[in-house]
Amino acid sequence: MDVLVAQLLNSLLYAAVLFLIAGGLSMIYGVMRIVNLAHGTLYALGAYVMAWGLLRLAGESGTEPAYLIAFLPVAAVAVAATGAVVEPLLLRPLYARAEEYQLLLTFGLLLMLEDVMRYIWGPTPLTASSLWAAFGTLHLLGATYPAYNVVVIVLGLLAALMLWALIFKTRFGVMLRATSQNRRVAAALGINVSSVYVQAFALGCLMAGLAGAVVVPIQGAVLGMGVDALVLAFVVVVIGGLGSLEGALVGALIVGVVRTLAIQYFPELELAVLYLIAAGVLITRPAGLLGRA
Amino acid sequence: MTVKHAPEAAIALGAVSAGRRAGPVPWYVSVLAVVAFVLPLLENVPGLGWLASPFQRIQLTYGLVFGIAALGFNLLLGYTGLLSFGHAAFFGGAAYATGLVVKYLHASSIESFLLAGVVFSLLVAVAFGAVCVRYTKIFFSILTMALSQVLWALALKFFWITNGTDGLRIPTPTLLGGLIPIPEDKVRFLSFTYYYYVLVVFCICVAVMWVITASPFGKALQAIRDNEVRAQFIGLDVPRYRGFAFVVSGVFTGLAGALFAPLNGLTTPDILHWTFSGKIVFMTVLGGFKTFSGPILGGVAYNYLETYVIKTTEYWQILLGAILVALVLLMPQGIIGTVGWLVDSRRRRR
């Protein structure tokens, strides 16, 4: 029973992080029809900013959990700011061109960002596991579980709720949905589409940065984490449906559970199974489980 | 989008144009071919020696191998209009097939390597193609990427078969069943014997691809790329054509992977990862994907670029990334397209 609870929580933890990454990727696609290959790298950027901030500013004595919570928004906003620079500078010239070009451009961006991070923070991983330990453990239904992991799960849930509220309950959300449905009609109705695009892209990046920041105490910041995360985020959005937020949530949960099961029972096939599921969904339901064709 | 430097794209489908087979070989192609064939003999010529040094010839061998890979890739991107982000599966898969026939069947001839690589990439291409050809644009790209990552994950995780991240070693092979003497010195082998072997295979590949693109099949692919609906109306079975293009493309890239394995001496999971697929895309776009020769030039140029940038700076990816971004934003036609544009505008001025 306690093993089951721990595994369930592990699945949720994994799903929460994946939802943050894939939700941003999916929203950017939904609004702007851009598949951002550098999205995973932006997630890694969030992790590096977070790890750097914790190590540099909080120092060795920074085992206070309060530092960590205070730094999460800083890292996320730093990534969002990067996105707000990238969109008008590099992506805007491409909207009128064939969509393959965005893949090429964002791949170039990925290569550049990977090395920028290596240049700034060096090739060795940055860790902050003492913070993770400082949170202590919780006893849940007979299982002992790290308290910080529960914080991440709750954060993921909160993020999903806030995103839902933003998109379906606010004026900005109406503009976002209008732009995503028909860019030209939205522009004709007086919506500043360029500004919506920048904000949508920055919001997607904010989520990726937040995801990167929250995983730092658990797994640290490592080079290459972004490239691997991107493909997993693709798996999630492909399962759930590209451009659908509910889909990203469902996809993240499915991937979280399948991965935990796979690690438990057939560790060699852990990654292959995920990619095969994505391929299987694309074959049977090209628009994803919750996507609109 | 207007296609400026690809007159063949504008040729309407019809008995007349479809019957027009491969035209005469341009003069500069003959010159380049002659230079490539006499290159090893120029080693001791003063002033030219550095160009023909063993190091440069090995670099060129890598370049030719990448050229074959990009040539195959471009049958999909340039001629069929499908952007695959999974061609590492064919390149790396064939290299791994080579490593595995060495490990388990103790194969030692290059022909058996090539056979293993071609058969494996054929099987993978048929399996992937059956799934992928129903999709176009971004879905095609993502699907090829996800499928190729399956192979990467398997190569990484089944370490007792594939040696995980250490990779598989590939020893010096025999050529043409031992007809060609193998030099003792590995550098001599790679820069002379193997150089010529790759060069001959490369020429055969280019010739075959040239015939394919000029054939009615190649014209049908271009028709599908330019207007899928019209191509359907005139009776082309679009998924079928796409499927064949996918398989041919995969086999060419697979052949390149099998040639790469003994050249590199080692296959690691990097060449199965989707970022390597991205590099094949990079090569093709660098050279210019709207032309036949662009990807070949791109493969060779990319290899030099990577080699020299790595030499000068540890942060070579920044430069490569910046070049790719600049290419997409400023010269999407690649090197060949830009050169063609310069030549055209000079001619017009005269």
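Q: How many disulfides does the rule count over all chains, and what makes a pair of cysteines one?
A: The count is 0 disulfides over all chains. To qualify, a pair of cysteine sulfur atoms has to sit within 2.5 Å.

A quick word on the ground rules. This is a predicted model, where local features need pLDDT of at least 70, side-chain atom pairs count only at pLDDT 80 or more, and totals for chains, interfaces and linings use all residues. Residues are numbered from 1 along each chain as its sequence is written, chains are lettered from A and ligands numbered from 1 in the order in which they are written, and side-chain values use heavy atoms, with hydrogens and water left out.

Q: What makes the phi of A:Arg33 worth a look, and where does A:Arg33 lie?
A: Its phi is near 55°, a positive value in a residue other than glycine. Most residues other than glycine have a negative phi. A:Arg33 lies in the loop between helix H1 (2-32) and helix H2 (39-56) of chain A; helices here are DSSP runs (H or I, at least four residues), numbered from the N terminus.

Q: Which label does A:Arg33 get for accessibility, and why?
A: With a relative accessible area of 40%, A:Arg33 is therefore partly exposed.

Q: How do you know whether B:His106 is buried or exposed?
A: B:His106 comes in at 63% relative accessibility, so it counts as exposed. B:His106 is found in the loop between helix H5 (88-105) and helix H6 (110-132) of chain B, and its phi is near 55°, again a positive value in a non-glycine residue.

Q: What makes a residue part of the contact, and how many does each chain put in?
A: Contact means heavy atoms within 4.5 Å. Chain A puts in 45 residues and chain B 46 residues.

Conventions
Helix = DSSP H or I, 4+ residues; strand = E, 2+ residues; numbered from the N terminus. Buried < 20%, exposed > 50% of the residue type's maximum accessible area, 1.4 Å probe, protein only.
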